[in-house]
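Thanks for coming. I will take a few minutes to go through one model, and please keep the view open while I talk.

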Amino acid sequence: QVPAGAHIGIVGATGSGKSTLLNLLMRFRDPTRGRILVDGVDLREISIDTLRQRFGLVLQDVHLFPGTLLENLGGDSTAARKALNDLDLQDFSLDRILTEGGTNLSRGERQLLTFARALVSEPEILVLDEATSAVDPETEARVQSALKRLHTGRTTITVAHRLTTVRHCDYIYVLSHGEVVESGSHELLMQQQGVYATLSQIQRGASA
């Protein structure tokens, strides 16, 4: 259960079910058993277009097309500029021309623009799937700082491999083999010395 306005994290090793969960949430797939409710309504009772209008989705893989930055952000200059400003990206010009795939931008810049594109529509629910994996630690800190302001009044679901991305979430769910095996705040999960704490120790060792 995710309270409206909460920021939750979904973590787990590769193959634990993180991507499957998002596929079900966005109705890229429907469940074969069980159900997912949004505001008490089964997702299968909501049209896909209506459902996805309520979500802002930022993926690890970035898709940009040739044209201006404004065109890539939906064409509404007021909404586009607000999204960029909210993310502290005032230096991005809406008239800037992007090449196929945005190859004239750095990988980190392309990822940041996907944040802005998701926010243009003012989604009720923001879903971030490994969304900071392409940015360096300094840029990630910049994005995380901006997102703290954007979480207000909006439900945010962050799926991440790097535990540093979710440590400030209100609640964290740990998946293993398709099941939730632990849940709680970062501090509580570290105290439990379970799966989450083990993943944290492995990641700290890998970055040492």
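I will go through the sheet, the helices packed on it, the cores and then the salt bridges.

Before that, two remarks on conventions. This is a predicted model, so local features need pLDDT of at least 70 and side-chain atom pairs count only at pLDDT 80 or more, while totals for chains, interfaces and linings use all residues. Residues are numbered from 1 along each chain as its sequence is written, and side-chain values use heavy atoms, with hydrogens and water left out.

Let me start with the sheet. It is open, has 6 strands, and runs in the order β4-β7-β8-β1-β9-β10 with mixed pairing. When I say helix or strand, I mean DSSP runs numbered from the N terminus: H or I of at least four residues for helices, E of at least two for strands. Two strands pair if DSSP finds at least two bridges between them. The edges are β4 and β10, residues 179-184, each of which pairs on one side only. From one strand to the next, the twist averages 20 degrees. Axes here are lines fitted to C-alpha atoms, for helices over the stretch in contact, and angles run from 0 to 180 degrees between N-to-C directions. Within the sheet, β1 and β9 are paired in the parallel sense over 5 bridges. If you want a place to look, Val 11 has Val 174 in β9 as its bridge partner.

Next, the helices on the sheet. α1 packs on it and touches β1, β4, β7, β8 and β9, with its direction at about 135 degrees to that of β1. Contact means heavy atoms within 4.5 Å. α5 also packs on the sheet, touching β4 and β7, and its direction makes about 175 degrees with that of β4.

Which residues of α1 are buried? In this helix, residues 18-25, they are Lys 18, Leu 22, Leu 24 and Leu 25. Seen down the helix axis, these buried residues fall within an arc of 160 degrees, so they line one face of α1. The arc is taken from the directions from the helix axis to the C-beta atoms. Buried means under 20% relative accessible area, exposed means over 50%, and partly exposed is in between, with a 1.4 Å probe and protein chains only. The cover over the buried residues of α1 includes β1, α2, β4, β7, β8 and β9. After α1 comes Arg 27, with a positive phi near 60 degrees.

Now the cores. A nonpolar core is a set of buried Ala, Val, Leu, Ile, Met, Phe, Trp, Tyr and Cys residues joined through side-chain atoms within 4.5 Å. The largest has 27 residues, and the members that touch the most others are Leu 73, Leu 84, Leu 87, Leu 113, Phe 115 and Leu 147. Two or more residues come from each of α4 (77-86), α5 (107-120), β7 (125-129) and α6 (137-150). α5 gives the most, with 7 residues. Take Leu 113: leaving aside neighbours within four places in sequence, its contacts are Leu 64, Leu 69, Leu 73, Leu 84, Phe 92, Leu 98 and Leu 105. Apart from this core lies another, of 17 residues, including Ile 10, Leu 22, Met 26 and Ile 46.

Last, the salt bridges, of which there are 7. The criterion is a side-chain nitrogen of Lys or Arg within 4 Å of a carboxyl oxygen of Asp or Glu. Asp 39 and Arg 54 form one, at 2.6 Å from N to O. Asp 39 is in the loop between β2 and β3 and Arg 54 in the loop between α2 and β4, so this pair ties together parts 15 residues apart in sequence. Asp 39 is exposed at 65% relative accessibility, whereas Arg 54 is buried at 17%.

Arg 54 also meets Glu 124 in a salt bridge, at 3.1 Å from N to O. Glu 124 is in the loop between α5 and β7, so here the parts tied together are 70 residues apart in sequence. Glu 124 itself is partly exposed, at 43%.

Then there is Lys 82 with Asp 86, their closest N and O atoms being 2.9 Å apart. Both lie in helix α4, 4 residues apart, about one turn of the helix. Through shared partners, salt bridges join Lys 82, Asp 86, Glu 122 and Arg 154 into one network.

That is what I had; questions are welcome.
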